[in-house]
Amino acid sequence: MKAVVRAWLPGLRFVGVACLGLMLGLAGSIAATPGGIGGTGIDPGGIGGTGISPDGIGGTGIMAIGPVQRFGSIFVNGGEYELPAQTRYRADGQPASEKSLHLGDLVRVHAVEQGGRLDALAVDISHAVIGRVSQIDQSQGRLVVLGQTVQILPGTLLRTAENQPLPLSRLKVGDEVRISALDQGAGHWQAMRLTQLSVPPAGHGLPFLLRGKIEATSAQLQRVKISGVWLSVRSGAAQTGLAVGAEVVARGSQQSQGNVIDSLQAIAPLAAPIGTRVAMVGFLQAGSQGRPGWELQGFQIRGADALLQAQLQSAARSQAAPVFVVGTLTAAQTVAVERVIPNVNALQFALPPLAGGQTPPAKAGDKGSVTGATPQFISNGAGLNLSSPAFVAPTVPTVIQPGFTAPSIPAAPAVPQVPQMPAVNMPSVAPPVVAPPQVPVVVPPTVAPPVVNPPSVTTPALPSGLQIPTVPRP
């Protein structure tokens with residue numbers, strides 16, 4: 001028996017070393033997947049690869065902020081949201097309808113789970129800027145509208161007023177455009193959709209819209225500085241209570257004497273209960289008004305732990321491409337982030353593949369789709385190639401880091417079959433029967449008590465006839 005074990009011991013050692021190497025290789029491969037990003041990853045049990053768990057949706061719901069990626073319901077951040085008849089629509093704070101939705105529009109969707117699907121209760125559309133192009137650099141894909149620098153990417157959707165594809169070369173100074181974009185801060189935006197608008201009749205001012213923060217004001221709020229641009233305010237046009245730091249939407253008209261604001265309204269804060277799950281894409285910016293941390297899409301952002309806090313800090317240093325985060329609303333306008341995925345393509349992020357390679361459904365009149373576009377990032381084009389399955393049954397999207405070559409894992413060597421050990425018959429040994437010793441019963445001796453005879457005492461006899469002498473009386 002010992003000889004057989006000694007013969008097989010080298011082979012068993014080799015197999016053990018090979019198995020250990022295979023396990024280490026698999027661990028390294030897993031670490032390169034999005035499930036290993038920052039130790040958090042994307043919860044494969046989440047919705048549409050966003051990491052949102054359907055548990056607890058009931059009364060709190062989900063808030064998704066990002067561009068419209070696809071129609072047939074709408075897809076935002078890779079998640080599919082149904083648009084039932086009771087869905088409420090708003091565009092830049094004004095009542096709107098489903099017809100106002102276009103591919104590439106930045107939206108805020110508030111949804112709840114209904115029978116295994118996500119129904120949108122409200123869809124709010126947000127445009128970054130509407131106005132006349134004052135400068136354009138065709139080679140760099142940059143233009144200036146109302147003092148805002150807008151970066152056009154190869155994947156940006158360019159459309160005419162009739163919703164037809166618009167080559168960038170046909171865009172010129174003086175064109176009126178409407179832009180949906182992600183805010184990079186300091187008056188810089190990354191465009192997701194640009195629509196060339198029709199020129200109004202002569203004598204009518206060109207309408208404009210500017211979204212941003214009030215950076216400064218003049219006396220009696222006659223002029224305001226929004227995102228680096230000073231604008232005149234028509235008397236009575238400003239909402240009361242506005243101050244420096246307020247997020248606002250300014251509307252007005254571009255006239256010969258300058259840009260005049262006809263309506264200056266604060267952007268209403270998110271009306272959602274504590275515990276709402278929030279999934280959004282955008283650029284992290286330093287907290288305003290001396291607040292620590294970062295801001296994203298109007299929310300105060302903080303990591304749920306020290307590791308996530310470090311990931312946010314790393315993502316904030318890069319402004320080349322947006323970041324995707326998932327978290328929970330823990331206080332008014334404050335989100336505790338639980339997932340961080342940097343360098344995403346907002347128009348393609350986590351989109352599920354279409355069955356059979358079919359063309360994605362498009363809304364009537366909205367020709368063209370983001371499918372087939374190859375968006376590039378501003379700096380070096382590095383980004384994440386993410387894909388996920390259908391919204392209801394997601395899988396973890398594949399993340400390939402730039403410049404990373406996944407190591408090849410050698411096939412595990414065949415494990416030699418260990419010969420079956422011969423059966424060894426062990427002799428059966430009956431335990432001896434040990435009888436307990438017989439202990440004799442000890443009978444204590446009977447001791448008779450001694451008989452004590454009391455001594456006989458003889459009373460002496462008095463002599464009889466004793467005469468008592470007679471004493472003579474005197």
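**Exercise 1. In which sense do strand β9 (residues 142-145) and strand β10 (residues 148-151) pair, and over how many bridges?**

Before you start: this is a predicted model, where local features need pLDDT of at least 70, side-chain atom pairs count only at pLDDT 80 or more, and totals for chains, interfaces and linings use all residues. Residues are numbered from 1 along each chain as its sequence is written, and side-chain values use heavy atoms, with hydrogens and water left out.

*Solution.* 
- Step 1: Strands (E, at least two residues) and helices (H or I, at least four) are DSSP runs numbered from the N terminus, and two strands pair if DSSP finds at least two bridges between them.
- Step 2: β9 and β10 run antiparallel, with 4 bridges. Look for L143, which stands opposite V150 in β10.
- Step 3: check the turn. The two strands make a hairpin with 2 residues between them, and L146 in that turn has a positive phi of about 50 degrees.
- Step 4: follow β10 to its other listed pairing. With strand β13 (residues 188-196) it pairs in the parallel sense over 3 bridges, and T149 stands opposite H188 there.

**Exercise 2. Work out which strands pair with β4, and which of its residues are covered.**

*Solution.* 
- Step 1: β4 pairs with strand β7 (residues 117-126) in the parallel sense, over 4 bridges. The bridge partner of A91 in β7 is I125.
- Step 2: β4 also pairs with β5, this time antiparallel and over 2 bridges. Here R90 stands opposite P95.
- Step 3: now sort the faces. Y89 and A91 are on the covered face of β4, R88 and R90 on the uncovered one.
- Step 4: finish at the turn. The β4 and β5 hairpin has 2 residues between its strands, and D92 takes a positive phi near 55 degrees. Keep D92 in mind for the next exercise.

**Exercise 3. Find the salt-bridge partner of D92, then look at two further salt bridges.**

*Solution.* 
- Step 1: the rule. A salt bridge needs a side-chain nitrogen of Lys or Arg within 4 Å of a carboxyl oxygen of Asp or Glu. A search of the whole structure turns up 7 of them.
- Step 2: D92 pairs with R211, with the closest N and O atoms 2.8 Å apart. D92 lies in the loop between β4 (88-91) and β5 (94-95) and R211 in strand β14 (residues 206-217), so this bridge ties together parts 119 residues apart in sequence.
- Step 3: how covered are the two partners? Buried means under 20% relative accessible area, exposed over 50%, and partly exposed in between (1.4 Å probe, protein chains only). D92 is buried at 8%, and R211 is buried too, at 13%.
- Step 4: stay on β14 and go to K213. Its salt bridge is with E295, closest N and O atoms 2.8 Å apart. That links distant parts of the chain, 82 residues apart, with E295 in strand β21 (residues 294-296) and K213 in β14. E295 is buried at 10%, while K213 is partly exposed at 22%.
- Step 5: one more. E338 and R277 meet at 2.7 Å, N to O. E338 sits in strand β24 (residues 334-341) and R277 in strand β19 (residues 277-282), 61 residues apart. E338 is partly exposed at 23%, and R277 is buried at 14%.
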